[in-house]
Each structure stands twice: as C-alpha cells, then as structure tokens.
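This report describes a model of two protein chains, working from the fold of one chain to the contact between both. Please keep the structure in view while reading.

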Amino acid sequence: MLQAIADGFMSGAIIALGAIGLTLTMGILRFANFAHAELVTAGAYIALAVLWLTGAFMGPIGPFSFGIPMLLAMVVAMAGTSVLALTIDHLVFRRLRDRSGHMTLVFGSFGVSLVVRMIILLIFGGAATYYSNELQIAMRVVPGLRIMPDQLFVLGLTVVIVVALHFFLQRTRLGLSMRALAENPELTRVNGVDTNRVIRWTWIIGASLATIAGVFYGLTIQLRPEIGFHLILPLFAAAILGGTGNVIGAVIGGLIVGMAESLSVLFIPAGYKLAVPFLILLLVLYLKPTGLFSGSAGGAK
Amino acid sequence: MSGFSIYLIFFLIIALNYGIMGLGLNLQWGYTGLFNAGVVGFYAIGAYGAAILVGPDRDYLIGGFDLPWPVAILGGMALAALAALIVGLATLRLREEYLAIATFGIALSLQLVALNFESLTGGANGLVGLPRPLFHLFEDSTTYNLFFLGLVIVILGIVWFGLELAVRSPWGRLLRAVREDESAARSLGKNITLIRLQVFVLGCSLIGLSGGLYVAFIGFVSPTDFLPLLTFQVWAMLIVGGSGNNAGAVLGAVVVWALWTMSGLAISRVAPVELQSQAGAIQVMLIGLLIVAMLIFRPRGLIGEKTGGS
C-alpha cells in the first residue's frame, strides 16, 4: 500500500510534467494535440543519443545513478525537442491552423504522432533500453517502502519546475501574454501581443517539460518507443481533470491519475491498469467536464 | 481459377469490408465532422460480439451461444452502438476534441479487455473454430470466397444506398449544417447534441458490422487483428478517397488497402531479413505521412465532397 502510493507519486510526477505542456497547447493553441506525448518519447531518446554521441559516462554523483553529463544531455534534449516541436508546427500545424476547422488540427496531430513514433522506432529500434546499466540500490525508508535516490531527485525537480512555471505565468510579461491568449485570443491580438511569439514559447515550454518527463521516465523505468503512445491517455485525463489551460490543475490531475493507476493494481488485475485513465476521463466528462479547477478555456460549451 | 484471381477475390473481400467501415466513418467525419479516434475499438466489439454470440458452447468460456450468423452480427452491431452511446453521451455535448480523446481511450481499453478477459475473449489466443456462414453448401474455399465477395458487395450496396438516402434527406442536410455552422443550426432550434449522437451511434454500428463480417469470413478472432494501427489505416483510406463522399470512402478503402498489401509484399521480397522490421516501420510511417500530406495538400482526397448545392 505504502509502496503503491510512493510509486503513484512517481508516475504522477511524470504524467504531470507531460500534462502541463498538453494543457497549455489545449488552452493557448486550442486543439487536442495527440502528438504531444510523442515529444516525451522524442525527448527521452534525444537525451540518450546525446549520451551515446558524446560518449559521456553518466557520471554518477553521490547516491544517484547519474551525474552532470546526464543533466547536460537533458538540457540539450530539451533544446532538440523544442526544435522538433517548432518544426512540426511550421510544417503541419501552422498550415492547418491557417485555413481549416480546428478538428483538422486534431486529425493532423493524430497523423504526426504516428510519424514521430515510427521515426524513433527506426533510429533506435524497438527494444527497451536504459540510460545506464548500473544497478541502483533502493533505500529502505520504512518497512514496506523502498525508494531509489533517483526517484527523490525526480520528485524534487518536478516541484521546483512547477513552482518556477507558476511564477513565470503569473509574474512575467510573456507569461501574462500566454494567459491572455488562452483567455481571449481576439482581444489579445487587438492589444498588440505578438501571438506568433506566444505560440513559439508555448511549444518550447511544452516540449522542454515533455523532455524532462521523458528523461525521468527513462531514469526510473526504461526507454521504449511506445512511452508516448501509452502516455496519450493519462496526459489527456490529467489535463482535462485539472481543467484545460490550468497548469496547477494539470499537475494535480497528473498526480491523481498516477496515483489511481498505481493503486488500481490493488483492486483490479494489473492488465487493466492502462484503462484507469480512461475511466477517470469518462467520469470527469460525465460529472464535471470543466475539470476540478475550471481552466481558462473551459471544456463545456 | 488462376492464383491471381483467387488472391483478387480475397483482396476485394477485405478491401470492400473496409469500405463498409469507411462508410460508417465517412458519416461521422465526412458529413458531420465527428472525429472518431478509436475506429478499431468499435470494429473489435462488432467482431468479438459476433464471435461470442455465434460460437459453439465451450465449458472454459463464458458465452458460446450458438446463434445464427445474422443474429450474431446484429448483436455485435448493437454492442458497438452501446459502446458508442456510452462515449457519445459523455462527450458530444462538449467541445469536439473530447470525442476524439474518449474514442481513443475506449479503443485502448477494449484492447485490454480482449487481451485479459480470457474467459470471454480467449485472451491472446482469441476465439477459434467458429462456424463460417453457409460454408457447408460449397465444394471448395474458392467458390465459397466468391460467394462471400458477393455477400459483402450486397451488404456494402445496401449500406451505401441507405446512407445516400439518409444524407439527401432533410436530416442529412442538417448534418452538414451541424458541421459547418453549429450555432446557426442551433439557432434554428435543432438539437445538435442529439443529431451528433444519432450519427455517432449509427456510424459505429456500421463499423461494428464490418467487424462482424470480417469474423464471419475468417472464422476466428484474435487480438492481433485489432491493433491501433488499423484506426490510422482506415483514416488514411477515408482521407485518400475523399471524405464527405461515399464513393470516395469505398474507393479510398480499395486504393489504400492495395497500396498497403503491395508495399508489404514488396518489402518482404526485397528487404533483407535483418531489415524487415525497419521496413515495416517505414510502411507504417508512410500511413502517417499520407494522412498529414493529404490534409495539407489535398484535403478533398481523390474524389471529395461535391461543393455547391447538393
């Protein structure tokens, strides 16, 4: 039980990081991006490629399985994934945004997700890999609960990122423009906000957070080309549960979804674990489609 | 009969059965603008539903009702309609993308049920040894396949004719009104949510019909026939053929299925054994590229919707 709660926190943190980017896309760019979860996979694998190419040993520090090189690889991967997201926007979404109904964007993102997933599969192969083959010793915190140092690092960094992002959105000019665009696009444009710049930064923030989520996934579980595919539903469930466009909502939504997935194993066969986000989603849509904390671009019409 | 024509019959049965699925999807997306991201889920319900209803009684399985095929296929369609109703009621009054997300979710969840609920679905092995409809009346499988092709064509014809009548009726004109300008349709006092729900449930039961026919033809169900890739393939068929046009939906099914099987054949012949899986990934990637490229460069498809007055 205690272990399931700890594991739920872990996967909840990863889902939360992915869901923040997704909820921003849904709020600001106003479409459900099925390809967002593939950015998580892309980020994780770009970090792996950086480690390979530089031949850098992960350089463990202290109790962690990784060190400075891994963190640098993650930063490079954040930039790489941002470039990927901006390229996709430039090649596909911008063209579809300009001329057609917004469901065409959703349709387009559906196609994009398949292309990105297959490119990753082609380059890196389908087998599961790890950043490091070194075994990490779990610390026994209390009887019945084991935690790896990496997991504590992941949780800590997630908290720092969420707090930083919250202040960015509340206090900076760019953050204000992003919230304004989510709230009322026409009025924002009339007020002379450079919407293209806001859209660019939305992608960069979303892709960077997706990369961090991907690296965390790789560090604490493993790397597989299907990471993103299996995250699509948890990310949407978390974003909608928290109210689309609502960053703090997405974080809490992510923790709830991760926790529910983890605890579900105590009640239902593990084979059905992946269906838990769908049940949460269905429940939210029936009972409170605006989410627990109504977002800026509320779901209900 | 030559090997080629035997293969052609087999190919057409599969492709035209996808055509039936394409007609269901076209009703949803082409005419009404509803994005169903879980096509394979409704196809699987139709297939498993029919298999469970028609299957012989086996003591290690729940189900096995030994019912006749027409009843079983209708039962499968009803189950697909029921699943559509559950998803539709939750999402169709909300923003349009919620339907896409929820359909994606139900397809994934149904895949888990197919794999894990062994006493109902046979798990990874599936349900085998189902009686094929009227099989005993034919001397060999080639004449049987010819009969089955005729059956699929007749059913496809009936569905097509019915849909053509429906979309030309006042109800059908309303679908496009819902797609093009929801608030205008609403201001005319039309119940938009109800119309969407009708379209979604009807479309999904047609997708379920196609699933039931597929099982009737091959005589077994197994989870490997219901991978998420199928949803992408059927979408590629519709967008290539031309959404908003029933002829386009069927044409797209034949064209894309031909391209898919031929490229698969070419890969298995040409690509060296150690590169086969990579070649397979390229084949799948092309489906995604095809969808994106068609959306950007030729959203009307080969023969799209007739514009201006209909």
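The model is a predicted one.

**Build of chain B**

Chain B holds 12 helices and zero strands. Its pattern along the sequence is therefore α-α-α-α-α-α-α-α-α-α-α-α, with helices defined as DSSP runs of at least four residues. Taken along the principal axes, the C-alpha atoms of this chain fill a box of roughly 60 × 45 × 35 Å. Of the 310 residues in chain B, 46% are buried. Among contacts in chain B with a separation of 6 or more, 77% are between residues 24 or more positions apart.

**Helix α7 of chain B**

Helix α7 of chain B spans residues 170-180, and its buried residues are L175(B), V178(B) and R179(B). These three lie on the same side of α7(B), because the arc they cover around the axis is only 95 degrees. The exposed residues P170(B) and E180(B) are carried on the face of α7(B) turned away from its buried side.

**Positive phi in two loops of chain B**

D66(B) has a phi near 60 degrees, a positive value in a residue other than glycine. L134(B), also not a glycine, has a positive phi of about 60 degrees. D66(B) sits in the loop between α2 (39-54) and α3 (69-91) of chain B, while L134(B) is in the loop between α5 (118-121) and α6 of that chain. D66(B) counts as exposed because it has 12 C-beta neighbours inside 10 Å, and the limit for that class is 12 or fewer. L134(B) has 13 such neighbours inside 10 Å, so it counts as partly exposed.

| Residue | Phi | C-beta neighbours inside 10 Å |
|---|---|---|
| D66(B) | near 60 degrees | 12 |
| L134(B) | about 60 degrees | 13 |

L51(A) belongs to helix α2 of chain A, residues 36-54. L51(A) is buried, since 22 other C-beta atoms lie within 10 Å. From C-alpha to C-alpha, L51(A) and I147(A) are 25 Å apart in space, and in sequence they are 96 residues apart.

In soluble globular proteins, nonpolar side chains tend to be buried together. In this model, the largest nonpolar core has 191 residues. F236(A) and L281(A) are the residues with the most contacts inside that core. Apart from its neighbours within four places in sequence, F236(A) is in contact with L22(A), A32(A), L281(A) and I101(B). One of these partners, I101(B), is in chain B.

**Contact between the chains**

Chain A gives 38 residues to the contact and chain B gives 35 residues. On the side of chain A that touches chain B, the elements giving two or more residues are α3 (68-99), α4 (102-124), α9 (227-241) and α11 (276-287) of chain A. The most comes from α4(A), with 14 residues. Sorted by class, this side of chain A has 29 nonpolar, seven polar and two charged residues.

Conventions: Residues numbered from 1 in each chain as written. Chains lettered and ligands numbered in written order. Predicted model: local features only at pLDDT ≥ 70, side-chain atom pairs only at ≥ 80, totals over all residues. Contact = placed C-beta atoms within 7 Å. Nonpolar A, V, L, I, M, F, W, Y, C, P; charged D, E, K, R; others polar. Buried ≥ 20, exposed ≤ 12 C-beta atoms within 10 Å, placed from the backbone. Arc of directions from axis to C-beta. Core = buried A, V, L, I, M, F, W, Y, C linked by C-beta atoms within 7 Å.
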